[in-house]
Amino acid sequence: MVFEARVESAITIHAWNADRTLLAVCPNDNTIAILKVPTAEPLDGPWERVATLSEHDALVTGIAWAPTSNKIVTVSQDRNAYVWTQVGGEWKPSLVILRIAAAATSVQWSPGEEKFAVGSGAKVVPVCYYEAANDFWVSKMIKDHSSTVGAVAWHPTAPILATASFDCRCRVFSAHLRNIDGKEATTPWGAAAKFGTLLYTYEAYGWVLDVAFSAAGDALALTAQNSTVAVVDMAAAASGSEGAAQTIRLSQLPLTKLLFLPDGQLVGAGHCYSPLLIGRGEGGAWAVIGKLSTSAGLTKKSSSKVDSARRMFQAAASTGTLDSGAATLDSLHQFAVCGLQRFGGRVVQSDAVFTSSAL
């Protein structure tokens with residue numbers, strides 16, 4: 001069963017707090033709206049906007065909400081990042097010294113929430129941590145990219161970082177900071193290497209759009225612009241095996257977002273509008289299981305006047321008719337999917353595994 005709730009006219013990114021009672025979304029502008037999830041059924045009740053984070057000067061491109069510390073980090077095309085802390089019911093920003101010359105593209109907290117990584121158009125990945133002596137967040141750069149870094153992903157147990165770059169490569173680096181991770185930290189490659197050491201590279205023959213680690217850390221998935229998804233066995237990659245990666249060729253348009261589910265299966269979404277489920281088949285080979293659902297099984301509220309007008313003008317542009325119904329697709333979303341997040345809670349007395357957002 002699938003539930004839909006329209007909380008903004010467009011959503012480019014979303015993130016949940018720890019208990020899934022608050023939702024942070026970017027409505028395709030330079031602000032972040034903090035929304036309170038309705039406690040009464042159904043979900044199409046009013047979503048109260050409890051706060052608006054408006055420190056950025058350009059489109060917000062990344063939101064990450066730390067579940068334990070309750071800190072929110074946001075990044076933007078204005079080349080800035082802010083760490084937001086709730087003080088007395090208000091969200092206060094702390095500036096991060098990113099030191100990048102192009103837009104930030106994505107952000108993700110490390111599992112310990114003591115540092116976070118930022119993708120950027122500057123061909124570098126700032127790894128940021130708090131410096132108590134100066135009372136602000138500073139960054140240390142991971143380099144070795146020849147184009148924009150569109151996405152980053154932390155290993156769940158080791159101080160290593162995977163990056164998705166538009167130079168058609170996925171890379172795995174050491175992100176070990178001794179003052180945070182300690183001297184005894186280990187990785188699948190053995191003892192933690194010096195910060196910034198390149199550990200593994202996969203060439204995708206297409207822009208790498210997203211990257212994700214499994215919950216156990218034994219697999220790394222990436223999606224590319226050439227409509228392929230690759231899954232890398234981390235143990236095999238660390239041992240130098242040539243067969244460490246398996247490539248899946250899709251019949252759909254490229255996936256732009258990937259998410260590993262708690263059971264080890266992989267969900268991907270993007271230009272095909274409906275999420276795809278990918279899992280292990282016989283012999284351990286990865287394969288597409290199928291689309292998760294179609295709009296026929298969707299539980300949703302009736303369209304608002306804004307939604308109807310939007311579909312009408314889209315239909316006029318694409319089909320030359322003002323019939324808004326002609327623009328409705330048999331898919332969960334009617335526009336490209338921009339975000340996938342784990343949920344792990346209950347919605348309308350049903351268990352929900354993940355959430356997706358789209359324009």
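A salt bridge is here a side-chain nitrogen of Lys or Arg within 4 Å of a carboxyl oxygen of Asp or Glu. The model is a predicted one, and every value below is computed from it.

Q: Which residue forms a salt bridge with Glu 203?
A: The two partners lie in strands, Glu 203 in S19 (residues 198–203) and the other in S16 (residues 169–174), so the pair ties together parts that are 34 residues apart in sequence. The closest N and O atoms of the pair are 3.6 Å apart, and the residue asked for is Arg 169.

Q: Is Glu 8 buried or exposed?
A: The cut-off for a buried residue is a relative accessible area under 20%. The relative accessible area of Glu 8 is 16%, whereas Arg 49, at 40%, counts as partly exposed. Because its 16% falls under the cut-off, Glu 8 is buried.

Q: What is the relative accessible area of Arg 171?
A: The side chains of Arg 171 and Asp 167 meet in a salt bridge, at 2.9 Å from N to O. Asp 167 is buried, with a relative accessible area of 9%. Arg 171 is buried as well, and its relative accessible area is 7%.

Q: How many salt bridges does a search of the whole structure find?
A: In general, side chains of opposite charge can pair when their charged atoms come close. Among the pairs found are Glu 8 with Arg 49, Asp 167 with Arg 171 and Glu 203 with Arg 169. Over the whole structure, the number of salt bridges comes to five.

Q: Which side chain is joined to that of His 56 by a polar contact of 3.2 Å?
A: His 56 lies in the loop between strand S5 (48–53) and strand S6 (60–65), and it counts as buried because its relative accessibility is 1%. Leaving aside residues up to four places away in sequence, His 56 touches several others, including Asn 30, Ile 32, Thr 74 and Tyr 82. The polar contact of 3.2 Å joins the side chain of His 56 to that of Asp 78.

Q: How many disulfides does a search of the whole structure find?
A: Cys 128 counts as buried, at 0% relative accessibility, and Cys 170 likewise counts as buried at 0%. A disulfide would require a pair of cysteine sulfur atoms within 2.5 Å. The search of the whole structure gives a count of zero.

Q: What is the area of the nonpolar surface patch made by Leu 95, Ile 97 and Phe 136?
A: Phe 136 is found in strand S13, which covers residues 136–142. With a relative accessible area of 31%, Phe 136 is partly exposed. Together with Leu 95 and Ile 97, Phe 136 makes a nonpolar patch of about 220 Å².

Q: What percentage of the 359 residues in the chain is buried?
A: The secondary structure of the chain comes to three helices and 30 strands. Its accessible surface is about 16400 Å², of which 50% belongs to carbon and sulfur atoms. Of the 359 residues, the buried share is 47%.

Terms used:
Residues are numbered from 1 along each chain as its sequence is written. This is a predicted model: local features need pLDDT of at least 70, side-chain atom pairs count only at pLDDT 80 or more; totals for chains, interfaces and linings use all residues. Side-chain values use heavy atoms; hydrogens and water are left out. Helices (H or I, at least four residues) and strands (E, at least two) are DSSP runs, numbered from the N terminus. Buried means under 20% relative accessible area, exposed over 50%, partly exposed in between (1.4 Å probe, protein chains only). A polar contact is a pair of N or O atoms within 3.5 Å; within protein, one must be able to donate a hydrogen and the other to accept it, and residues adjacent in sequence count only if both atoms are side-chain atoms. Contact means heavy atoms within 4.5 Å. Patches are made of residues with over 30% relative accessible area and no salt bridge: like charges are joined within 9 Å, nonpolar side chains (Val, Leu, Ile, Met, Phe, Trp, Tyr) within 5 Å. Accessible areas come from the Shrake-Rupley method with a 1.4 Å probe; for residues, only the protein chains shown count as cover.
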